[in-house]
Amino acid sequence: MYDYIIVGAGSAGCVLAARLSENPAARVLLLEAGPPDDADEIHIPAALNLLFQSTFDWDFRTVPQERAAGRAIYWPRGRVLGGSSSMNAMVYIRGARHDYDTWRDEYGCTGWGYTDLMPYFRRAEDNSRGASAYHGAGGPLSVTDLKYRSPLTRAFTASAGASGLAANDDFNGPRQDGSGFYQVTQRDGQRWSAADAYLRPAMPRPNLEVLTDARATQVVIEAGRAAGVRYLRRGTEELARAETEVILAAGAIGSPQLLLLSGVGPADQLRDLEIGVRVDSPGVGANLSDHPVVTAMWETPRIAGLWEDSTPANLARWRLRHSGPLTSNVAEAGGFSRTRPSLPAPDLQWHALPTPYLRAGLGDPSQRVFSLLIGLVAVGSRGQLWLRTADPRHKPAIDPGYLSDPSDIEPLVVGVRMAREFAAVGPLGKACREELAPGPEVRTDAQVREFIRRDLSTLYHPVGTCAMGGDSRLAASKLASVVDPELRVRGVERLRVVDASVMPVVPRGNTNAPTIAIAERAADLIIGRAPLEPADPAAEPEPLPA
């Protein structure tokens, strides 16, 4: 018997396991479907693509996308201690103030505005630049500047500046717009996942039990309360019981899937699969949102690609000193732009890569290429997730509904035009030769739209499938909310969801940092501790230098 059972040892689950087990009297069980995070490829930053379609990856694919040339799109998600924080590009981005104020003001998510979350971002963070109004120092999550910067990403930042995208050395500071190098979740040239930051220091505690290769199959609901979790381990189904709460932290795919398997979801869908209906909750699996991306690429024959640096000498250098090209996170530089000055916040995000980006990251590089990922971060399209069968071992159907909102494609058209401008000036203009994508034959807006539909893939940021709302309706979208502002599942006592699936709208940027902040605040809510006082860094004086 446990007090808390947490399903999923990803970014949120690791935070919760660490924070809830700080109380030595609280018995905590953490279930992870995947293996331990002990492979070298996890800890070597530049090796992240080697994790795709490996034993550490759920290896999802969407259903064919009607507005993306009928293609099924690969979605990598972490299936390992640390979850997707053990296989992502380590970019530390929080999102814009506008994002969280929208959660609060339009979706009724009281307590989740920008100033409410800021103290949790700071509590989590150990920024190598030190503490400031916008940053924390001394927290579990190591955030640092890159130790290695490739010549091509240096060229991008200079050329973006020459094209009018002003330099920005802190996308999590006073303004998000601009171009520059990303800060990353690394420590001493190694990946610093949520498992490194939170879970590993907590694992020696006698009141915390962590089970890997333990796949949750059902939340046990008795008399309207979550009483435990069934899970498969080594081919045997086992049952763990919880006296206080069950907390789902299995991500934007795993958490809604588990709710549906447990009888919480759209009643008609559940009945069709002969799953007993515990709660008719139409919002489970709905409101799926993701950042779509298209890729522009140029041949750069005179500059060696990052993939060429994967040599025995550089591997030895990384092993001995944790330095050199293998400390690159691949997506080293980028930034944020507005396609119209009237927008309240950026709608495009850039990721500059000193390597080809082929088949959503699955293609092996073989030539010297600069890739510029053009990501839409103000997304109108919504999709859904549903069960194909009642067998928990089967992957659910995933339909992100890319470009289903007609307003989503035009910013990407503008983004392609901007990318070409970046590549034509400054040092990037000198390095780039033949345009490989979209290609010189793609000139008109109609041709660019067709290219977008053929090329579009994911920035790996799915959210929203167990969306939070201030009442039983999501005010802005008219969809049913699944959890309340304390992340409690509507209709089931002692059951919460804490992960990216509760986000009503995807933030502008990479989703790892927001997920960790959500879990930090959720830990206070679960324990019954008063949330940290809101903080507005724009109104705080900067600390004096030491």
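## Helix H5

Helix H5 (residues 151-162) has 12 residues and, at 1.5 Å a residue, should span 16 Å; its end C-alpha atoms lie 17 Å apart, which agrees. The expected span is 1.5 Å times one less than the number of residues. Helices (H or I, at least four residues) and strands (E, at least two) are DSSP runs, numbered from the N terminus. This is a predicted model, in which local features need pLDDT of at least 70 and side-chain atom pairs count only at pLDDT 80 or more, while totals for chains, interfaces and linings use all residues. Residues are numbered from 1 along each chain as its sequence is written, and side-chain values use heavy atoms, with hydrogens and water left out.

Buried residues of H5 include Leu152, Ala155, Phe156 and Ser159; buried means under 20% relative accessible area, exposed over 50%, partly exposed in between (1.4 Å probe, protein chains only). Their cover includes strands S7 (178-181) and S20 (369-376) and helix H10 (409-423). Just after H5, Gly164 has a positive phi of about 105°.

Leaving aside residues up to four places away in sequence, Leu16 contacts residues including Ile247, Val498 and Ile526; contact means heavy atoms within 4.5 Å.

## Cysteines

There are zero disulfides, a disulfide being a pair of cysteine sulfur atoms within 2.5 Å. For Cys109, the nearest cysteine sulfur is that of Cys466, 13 Å away. Cys109 is buried, because its relative accessible area is 0%. Cys432 also counts as buried, at 7% relative accessibility.
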